[in-house]
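Hi everyone, thanks for coming. Please have a look at the structure on the screen, and then I'll walk you through a few spots in it.

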Amino acid sequence: MVHVSLRNFCSITPKFRDYFKLPNNNVLRWFPGHMNRGLKDMENKLRSVDCIIEVHDARIPLSGRNPQFKNTVCGIKPHILILNKTDLIDNKKLPDIEKVVKKEGGANDVIFTNCRDEKCKGVQKVLPTVMQLIRNSTRYNRAEVKEFSLMVIGVPNVGKSTFLNHIRKSNIKKGGGAPTGAKAGITRSVSNRIKVSTDPLVYVFDTPGIWTPYIPDIETGMKLALCETTQDHLVQFLNMADYLLYWFNKNKQFRYLQTFDLEEPSDDIRLVLTKLAITCKFYSKRKSIEDGKYRMVPNLDMAASHFVTSFRKGELGKIILDSDKLFPNETKPEVTIDSSFSHVVN
């Protein structure tokens, strides 16, 4: 049961939007030239690869995966799916996620990781699992090669390079790893092989994040944007905050009320951001058209950035954005009015 403050609301569960609409769908069309070149380079390297490691964001285990990988770099090679950033989701859901993802196909194994945790057990499982898959497979033209070669793939900014560096650090203490950063698109080409283990001798190709050139629907695109797989200025924080508000209300998850000290849920993103800006003292100076004087007004752009960043840090709860696809029959919590006007949010 979720109790929320609904001051000035009527005595029934509030009605929220049934669908999300963007002012301009073109903001989701991002496929830089280096991605197309990167995909071709990855295909050309396949003869030198024994296993594919696909890294993805655990918050969007279905929506975000690039379907082109199934028809290009994946297929006959052993393939492991790494679902990273598990510190940001409800870990009780991991078995259910694994079951659904395996049913979707496209990977021999699914491993959950949090690459920000140096002692992550999931990361420690990867190399043994990879070696077992390779030894049980037909290596074709690489059957006589003693060293092993892997390729890490995925959409931008899901933690591929961080994962690779974590593996390397666990096995080799010094030496050059892969460059990392919080901005999507840091890795722009297929790198030379990086040694990640000496016994067994294992090398890895780090690759650029490859977005799908065709986003199947707006919600998939917005989930990808919220998880930082595209550059923020292209989609804009106001659009991302609006989708996030829509998602919270649709799924009856109202922790944002508690986090931002709001009195009641709303479907109006500008109203929510105005209240948030006032609470957090996000103001900017604006010149009045009427009298030419400058006044301090709520800065909605700063509030939108704060809203989205709070989600990304996990401050709004352990959120799986794909919960509607993963658990379509899961009962949503009932929302009731609390006459005391205080809210308690799960």
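Let's begin with Asp 242, which forms a salt bridge with Arg 17, their closest N and O atoms being 3.0 Å apart. By salt bridge I mean a side-chain nitrogen of Lys or Arg within 4 Å of a carboxyl oxygen of Asp or Glu. Asp 242 lies in helix 8 and Arg 17 in the loop between strand 1 (2-4) and helix 1 (33-45), so this pair ties together parts that are 225 residues apart in sequence. Helices (H or I, at least four residues) and strands (E, at least two) are DSSP runs, numbered from the N terminus.

Before I go on, a word on where this comes from: it is a predicted model, where local features need pLDDT of at least 70 and side-chain atom pairs count only at pLDDT 80 or more, while totals for chains, interfaces and linings use all residues. Residues are numbered from 1 along each chain as its sequence is written, and side-chain values use heavy atoms, with hydrogens and water left out.

Is Asp 242 buried or exposed? At 15% relative accessibility, Asp 242 counts as buried, while Arg 17, at 25%, counts as partly exposed. Here buried means under 20% relative accessible area, exposed means over 50%, and partly exposed is in between, with a 1.4 Å probe and protein chains only.

How many salt bridges are there by this rule? The count comes to 17. Another one joins Arg 312 and Asp 232, with the closest N and O atoms 2.8 Å apart. Arg 312 lies in helix 11 and Asp 232 in helix 7, so that pair ties together parts that are 80 residues apart in sequence. Arg 312 is buried at 11% relative accessibility, and Asp 232 is partly exposed at 22%. Some bridges share partners, and in that way Arg 17, Asp 242 and Asp 267 are joined into one network.

Now stay with helix 11 for a moment. At 1.5 Å a residue, its 13 residues should span 18 Å, and its end C-alpha atoms are 18 Å apart, which agrees. That expected span is 1.5 Å times one less than the number of residues. Its buried residues include Leu 300, Phe 307 and Arg 312. What covers the buried residues of helix 11? The cover includes helix 6, helix 7 (232-235), helix 8, helix 9, helix 10 and strand 9 (294-298).

That brings us to the inside. A nonpolar core is a set of buried Ala, Val, Leu, Ile, Met, Phe, Trp, Tyr and Cys residues joined through side-chain atoms within 4.5 Å. Of the 39 residues in the largest one, Tyr 256 and Phe 307 touch the most other members. Helix 6 (218-226), helix 8 (237-250), helix 9 (255-259), helix 10 and helix 11 (300-312) each give two or more residues to this core. Helix 8 gives the most, with 8 residues. Leaving aside residues up to four places away in sequence, Tyr 256 touches, among others, Leu 245, Phe 248 and Phe 307, where contact means heavy atoms within 4.5 Å. Apart from this core lies another, of 27 residues, among them Cys 51, Ile 82, Leu 133 and Val 202.

Last stop: Asn 114, in the loop between strand 4 (109-112) and helix 4 (121-135). Asn 114 is buried, at 15% relative accessibility.
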